[in-house]
Amino acid sequence: MTRLVELEATGPRKLDPADIDDEKGDVAICQCGLSDSFPFCDGSHRRTTDEEPETTYLYEDGERRELERVVTAADDEAERGE
Ligand code: FES
């Protein structure tokens, strides 16, 4: 599965000790792209548990849609063995 996400940041977010979760003692970074507290995980990744491996999804306005696979020029070249 893949997901399309929109990010507006143009630079890094530096973490500091204040970012450590007081209860868990760690920092969880979102890798699914769905967190409302990005770059931190807020548990939104649970919405991805039933995603199909070969499907691309778009999460928008609380809804999930399946998209036609986006093929880049690099993907196309790789499939042709170039
Ligand atoms: S990994 Fe994205 S919300 Fe948890």
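Helices (H or I, at least four residues) and strands (E, at least two) are taken as DSSP runs, numbered from the N terminus. The model is predicted: local features need pLDDT of at least 70, side-chain atom pairs count only at pLDDT 80 or more, and totals for chains, interfaces and linings use all residues. Residues are numbered from 1 along each chain as its sequence is written, and side-chain values use heavy atoms, without hydrogens and water.

Thr55 lies in the loop between strand E1 (2–4) and strand E2 (56–60). Its relative accessible area is 15%. Thr55 therefore counts as buried (under 20% relative accessible area; exposed is over 50%, partly exposed in between; 1.4 Å probe, protein chains only). Beyond residues up to four places away in sequence, Thr55 touches Met1, Thr2 and Glu66 (contact: heavy atoms within 4.5 Å).

Five residues form the largest nonpolar core: Cys30, Cys32, Leu34, Tyr57 and Tyr59. Such a core is a set of buried Ala, Val, Leu, Ile, Met, Phe, Trp, Tyr and Cys residues joined through side-chain atoms within 4.5 Å. In soluble globular proteins, nonpolar side chains tend to be buried together.
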